[in-house]
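Let's take a walk through this structure together, starting at the ligand and then moving out to a handful of residues. Keep the 3D view open and follow along.

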Amino acid sequence: MTDKKPMRILSGIQPSGVLHIGNYFGMMKPAIALQAEGEALYFIADYHALTSVRDPEALRENSRRVAVDFLACGLDPERATVFRHSDVPQVTELAWILSTVAPMGLLERATSYKDKLARGMAATVGLFNYPVLMAADILIYDSDIVPVGKDQKQHIEITRDLAVKINETFGHVFKLPEARIQAATETVPGIDGQKMSKSYGNNIDIFGDEKDTRKRVMSIVTDSSPVDAPKDPANSTIFKLYSLMASKNEIADMRDRSLKGGTGYSDFKKQLFEKLWEYFAPMRKRREEILSDKSYIEDVLARGAKRANEIADQVMQRVRAAVGLR
Ligand code: TYM
């Protein structure tokens, strides 16, 4: 039997600050490309952000801004369903149902929970349960493909484990989703060479102002090779970031000049800044247009919520019937 339904693609992004180019190349760009290949659903994960954001006004404002920024980067609301997580509250019901089969040990092994505790976040039940809510986010739309960066891989594995547990216990309820991770952009480095992350403070923002963006690019950490010395592009954050945006010829040119010596890191950083600024220029323009129409983003999110609810209601009916509710 062939399944004629279009492939369903789902991903989420937390509104816990402004978006950076790690989000863009790791998830947003691949997700935007995938919107032409099936039914795409992309949401602003405000329920998740509650685990770290304690200012209600900031959460509301960030959620709106992340939606605007995602659209400015090329998300097309005529093709993709764009919505707020909290506009589909059924997802918290599914998270509860999944939590009743989720082994403690599985969640205790979740690396992102351990990382967050190591960075000083309070050990709340919400933080611990984060992967269960994320599994519900994915399973409630019968998702096939989940485009994410590498840091989310374990969460998708947990999602599959929980789907299997439910299927083994109650019969076939869920399809098993797959992570879609782009090898070339799975972990975009930040200005200190570690994974770019808002919480590490090493981010370069997509829509940062010019002066600040230049300053951040100029402060990328390098080794102390003198100008004359050859420089290995494989160890250079500048080169890695430049490669995400430049053409093949431009990349080859920077590689050659690095290996030859004679060019200092500050010249390469200036070149990176120019490329970055040019790359995101059309998105900055689009963003201004979106921001100039106050009701546009709310209309998009309201339409998105309607469609997301339709799918979630259907799946929840199936889940409730399977587990013995109503
Ligand atoms: P979040 O908001 O931390 O990040 C959004 C997406 O950006 C990717 N990303 C990166 N990719 C490559 N290099 C980087 N330096 C980098 N930094 C961030 C992340 O991998 C992610 O894909 N838990 C999720 C949000 C979420 C979700 C979901 C995702 C909630 N429910 C359901 C998919 C499906 C998160 O915190 O992403």
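Predicted model: local features only at pLDDT ≥ 70, side-chain atom pairs only at ≥ 80, totals over all residues.

**From the ligand outwards**

Arg-326 lies in the segment after helix 14 (294-323). Hold that spot in mind, as we'll come back to it at the end.

Start with the ligand. Where does the ligand sit? The space it takes up is the largest pocket. There are 27 residues around the ligand, and the ones that come nearest are Gln-14, Tyr-130, Asp-137, Asp-151 and Val-188. If you'd rather think in terms of secondary structure, look at strand 1 (8-13), helix 1 (21-34) and helix 7 (125-139), each of which supplies at least two residues of the shell around the ligand.

Now zoom in on the polar atoms. Tyr-130, one of those nearest residues, has a polar side-chain atom 2.7 Å from a nitrogen atom of the ligand. In the side chain of Gln-152, an N or O atom is 2.9 Å from a nitrogen atom of the ligand. How much of the ligand does the protein bury? Taken alone, the ligand exposes 710 Å², and the protein buries 96% of that.

Next, find Lys-150, in the loop between strand 4 and helix 8 (153-170). Is Lys-150 buried, exposed or partly exposed? Its relative accessibility is 42%, so Lys-150 counts as partly exposed. Not counting residues up to four places away in sequence, Lys-150 touches Ile-181, Glu-186 and Thr-187. Met-196 is 46 residues from Lys-150 along the chain, and the C-alpha atoms of the two are separated by 12 Å.

Tyr-265 is in helix 12 (residues 265-279). With a relative accessible area of 12%, Tyr-265 falls under the 20% cut-off and is therefore buried. Setting aside neighbours within four places in sequence, Tyr-265 is in contact with Thr-222, Asp-223, Ser-225, Lys-231 and Ile-238. Ile-220 is 45 residues away along the chain, yet its C-alpha atom and that of Tyr-265 are separated by 9.3 Å.

Thr-81 is in strand 3 (residues 81-84). It has 10% relative accessibility, so Thr-81 counts as buried too. Leaving out neighbours within four places in sequence, its contacts are Glu-39, Ala-40, Leu-41 and Tyr-42, along with Gly-304, Arg-307 and Ala-308.

Arg-287 belongs to helix 13 (residues 281-292). Beyond its neighbours within four places in sequence, Arg-287 is in contact with Arg-65, Val-68, Asp-69, Ala-72 and Phe-207.

Finally, a bit of backbone. Most residues other than glycine have a negative phi. Asp-142, found in the loop between helix 7 and strand 4 (145-147), has a positive phi near 50°. Arg-326 also isn't a glycine, and its phi is positive at about 40°.

Terms used: Residues numbered from 1 in each chain as written. Heavy atoms only, no water. Helix = DSSP H or I, 4+ residues; strand = E, 2+ residues; numbered from the N terminus. Buried < 20%, exposed > 50% of the residue type's maximum accessible area, 1.4 Å probe, protein only. Contact = heavy atoms within 4.5 Å. Near = heavy atom within 4 Å. Polar contact = N/O pair within 3.5 Å; in protein donor to acceptor, adjacent residues only side chain to side chain. Areas by Shrake-Rupley, 256 points an atom, 1.4 Å probe, with all protein chains shown as cover. 1 Å grid on protein atoms, 1.4 Å probe; cavity = no way out; pocket = protein on both sides within 12 Å on 5 of 7 lines; lining within 4 Å. Sits in = over half its atoms within 2 Å of the grid points.
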